[in-house]
Amino acid sequence: MTLSTIDLTLPYKTRVQDALSNKHLRVALERSTGRMAGQRAAAMAAIDEQTLRDQVRQMKEHVLRNLPDLLEQLERNVTANGGHVHWAKEGVDLQRILVDIARKANVQKVVKAKSMVTEEVHLNQALQNAGMTVVETDLGEYIIQLAGEPPSHIVAPVLHRRVEDISDIFQRELDMPPTLDPQVICSVARGILRKEFLSADMGVSGCNFAIAETGTCCIVTNEGNGRMSSTLPRVYVVVMGIEKLAPTIEDAFLQYQALCRSSTGQQCSVYLSMTSGPRQLGDTDGPEEFHLVLLDNGRVDMLAKGYGEALCCIRCGACLNVCPVYREIGGHAYGSTYSGPIGAVISPSIHLEVTDVNKLPYASTLCGACREACPVKIDLPRMLLELRRDVVEEHDAPLFDRAAMQGFSQMMQSRFRYETAGKLGSLGSNIFASMSGGNIKFMPGPLAAWTNSRDFPPLAKRSFRELWHERQRQRQSIGKEMKK
Amino acid sequence: MAPKKQFDTPPKRIALFVTCMVDMIYPEVGLATVELLERHGVEVLFPAEQTCCGQPAFNAGFWDEAQPLARRFIDIFEPLVRRGQVDAVVAPSGSCTTMTSHFYALLLAEDPGYRARAEFLAAATFELTEFLVDVLGVEEVGARFEGKLAYHASCHLLRELGIDRQPRALLSRVEAAEFVELNGAEECCGFGGLFAIKNGDISTAMGQRKTHNIAKSDADAVALCDVSCMAHINGLLSREGQRCRAVHIAQVLTNQVDVAPRPRQTQAAPPPPPRRWQDDKANAS
């Protein structure tokens with residue numbers, strides 16, 4: 001059995017080690033991230049990318065500036081359409097609201113379309129604790145639910161698994177005959193899920209964007225499971241983070257365009273399901289009851305703390321696909337519902353319980369590939385820098401780092417100390433290097449993290465400044481001789 | 001960022017911001033930089049008070065420790081430009097140029113006086129290849145390199161400063177060199193300052209991807225514009241026993257790169273890829 005139990009509560013270092021030593025994970029990451037990044041680049045290159053990004057960014061900034069008004073406008077319109085709107089301050093509030101809705105409607109079985117915001121608050125666990133059956137219906141989510149794993153990517157939750165692993169899971173959990181044919185594997189899931197849709201009492205989905213002016217909740221999917229979750233069961237509940245708003249229909253389609261191209265490289269998704277309320281008189285289908293639950297869970301605090309720019313995020317996952325760190329370690333190593341660069345930025349701010357959350361802002365080389373790919377131009381490297389400053393100011397940085405940086409700063413503030421340290425360093429490192437053929441192969445303490453895998457050059461025997469001054473002296477003496 | 005300083009007449013004199021890594025570890029890169037500039041009629045001044053721009057502390061979140069270094073840097077270089085003693089500041093590093101000309105504004109956001117001086121200085125601060133190509137209008141420097149030459153685009157240089165065309169233009173004019181494009185040339189090498197220590201294993205994995213691509217390119221040397229990436233890439237190449245080396249572009253442009261001789265057999269098999277790329281072929285198809 002190739003399956004490994006994934007424990008997000010392990011320390012950051014262990015999670016990273018586990019990821020780096022997992023050969024199958026590395027194959028899965030290699031296969032998927034590059035392909036998704038390539039598809040995004042092609043889809044964006046086909047249009048006027050900069051204009052689209054500017055427009056979406058402007059729209060999202062407008063939303064954040066007018067958030068209270070727009071949310072109330074959305075509430076008014078959803079209510080006018082016959083739906084119910086609930087406000088959940090924290091994750092536990094959302095759990096309670098959902099359980100209440102389900103109990104009142106006498107719900108036994110819940111089908112769910114893919115939703116990161118419900119992962120964020122561990123909704124499945126809460127509903128199951130209340131005695132309900134919860135079935136994930138997005139294929140990727142269904143697979144990881146069978147395997148008992150959290151999603152590892154915002155858009156592609158099972159990106160960490162190869163087709164071989166998925167086949168194993170299906171054979172073990174569903175008695176599927178051995179096969180590596182994706183179509184056969186899909187059809188097994190399809191057959192099971194179809195029955196679940198027809199027997200479910202309640203559908204739950206997230207919300208890619210809600211249109212304030214019409215009170216319409218939109219979900220963007222490719223499998224049709226979103227459409228069935230939102231139309232077949234008696235009760236349909238949409239859970240959305242308060243920032244997932246578009247003021248007008250035009251704005252919604254702007255965001256839709258950016259989302260499809262950036263996430264999967266599609267011009268448009270296979271399905272776009274828009275729900276404006278429960279079934280109306282004369283409608284042939286649709287839910288009898290419609291609820292919209294708005295979740296804060298730390299988002300307002302993010303605005304207050306100066307990290308509001310991250311709320312422009314439309315959860316396309318483009319920054320994950322291009323991130324060289326994500327490509328090496330995958331999503332679970334981040335230990336949070338949200339991984340990759342955007343996860344490293346929002347996980348410390350959103351109310352999530354993440355082990356070693358303060359290590360996440362450091363899980364980046366600040367290479368800037370994420371900012372380049374982001375359809376809303378979020379300056380992720382700058383926010384990571386500011387989060388690192390927060391970690392230091394909150395005295396959460398390791399003592400060694402603090403001592404090293406204070407020493408470094410003192411040394412660099414004086415030419416004398418700098419030059420003296422340089423001379424001593426040159427002497428010491430050259431003795432050290434001469435013992436191992438010119439390069440330093442071993443360094444003590446935390447610096448061993450470098451030399452475990454890489455050589456380090458010794459300091460120069462004579463620094464640039466020494467050579468420069470010697471050169472100047474020579475020139476002056478030549479000049480004097482010429483005058484003679 | 002403020003628009004770059006424009007020059008009506010070619011700049012005569014610059015202050016060299018040599019960077020602490022070049023000063024202490026790679027002085028030959030500093031000398032090559034001076035030679036390139038002087039050869040094109042630019043007088044070089046070296047303010048010897050300079051130490052480090054403070055980037056390591058800033059990147060690690062220790063802004064209180066980085067701020068005195070930023071102010072110190074501004075106090076050394078800004079008066080030279082303001083009084084007209086030099087026309088510009090030039091550094092042989094994309095990363096250190098980014099620090100002083102982009103991130104000082106963020107680091108000193110709450111210090112309006114120094115922030116304004118930082119922005120004034122930023123407009124007159126240039127990375128070496130940017131200065132050669134955009135300001136001096138030089139692409140052909142009379143360099144010669146016999147062998148295969150590749151280029152690694154350092155992250156800050158490429159994505160913060162937007163410099164890519166300039167080093168490539170300079171390299172394309174190097175006589176006798178066969179230019180080979182590196183797979184993923186614009187991908188990070190995994191250095192990232194303290195990242196290389198704090199996340200040593202991830203950093204190594206990223207670097208191995210880079211050296212794997214270097215091996216596949218069959219280059220004799222990989223030119224780049226930052227000695228920090230150079231130290232990282234060479235640290236891996238040397239540990240892996242590869243013959244290719246990363247070299248600073250100034251060394252290439254002043255003919256200071258010796259190519260290690262190729263192994264005897266003409267059809268040398270490339271080293272086998274690390275196990276985790278065993279899937280590469282399946283990927284490519």
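## Contact between chains A and B

In this predicted model, the contact between the two chains draws 54 residues from chain B and 55 residues from chain A. On the side of chain B that touches chain A, the elements that give two or more residues are helix H1 (20-24), helix H2 (27-39), helix H3 (55-59), helix H4 (63-82), helix H8 (155-160), helix H10 (195-198), helix H11 (200-217) and helix H12 (227-240) of chain B. By residue class, that side of chain B divides into 29 nonpolar, 13 polar and 12 charged residues.

## An open sheet in chain A

Within chain A, four strands form an open sheet with mixed pairing, and their order is S8-S5-S6-S9. Strand S8 (245-246) and strand S9 (271-275) of chain A are the edge strands, each of them pairing on one side only.

Strand S5 (residues 209-211) of chain A pairs with S8(A) over two bridges, in the parallel sense; A:Ile211 stands opposite A:Ala246, which lies in S8(A).

## The crossing of H19 and H20 in chain A

Helix H19 (residues 399-412) and helix H20 (residues 415-434) of chain A have axes that come within 6 Å and cross at roughly 110°. Since angles of 65 to 115 degrees count as roughly perpendicular, H19(A) and H20(A) are therefore roughly perpendicular to each other.

The contact is made on the H19(A) side by A:Gln410, A:Met411 and A:Met412, and on the H20(A) side by A:Arg417, A:Tyr418 and A:Ala421. The residues of this contact of H19(A) with H20(A) divide into four nonpolar, one polar and one charged.

How values were computed: Residues are numbered from 1 along each chain as its sequence is written. Chains are lettered from A and ligands numbered from 1 in the order in which they are written. This is a predicted model: local features need pLDDT of at least 70, side-chain atom pairs count only at pLDDT 80 or more; totals for chains, interfaces and linings use all residues. Two strands pair if DSSP finds at least two bridges between them. Axes are lines fitted to C-alpha atoms, for helices over the stretch in contact, and angles run from 0 to 180 degrees between N-to-C directions. Angles under 35 degrees count as roughly parallel, over 145 as roughly antiparallel, 65 to 115 as roughly perpendicular and the rest as oblique. Two residues are in contact if their C-beta atoms, placed from the backbone, lie within 7 Å. Ala, Val, Leu, Ile, Met, Phe, Trp, Tyr, Cys and Pro count as nonpolar, Asp, Glu, Lys and Arg as charged, and the others, Gly among them, as polar.
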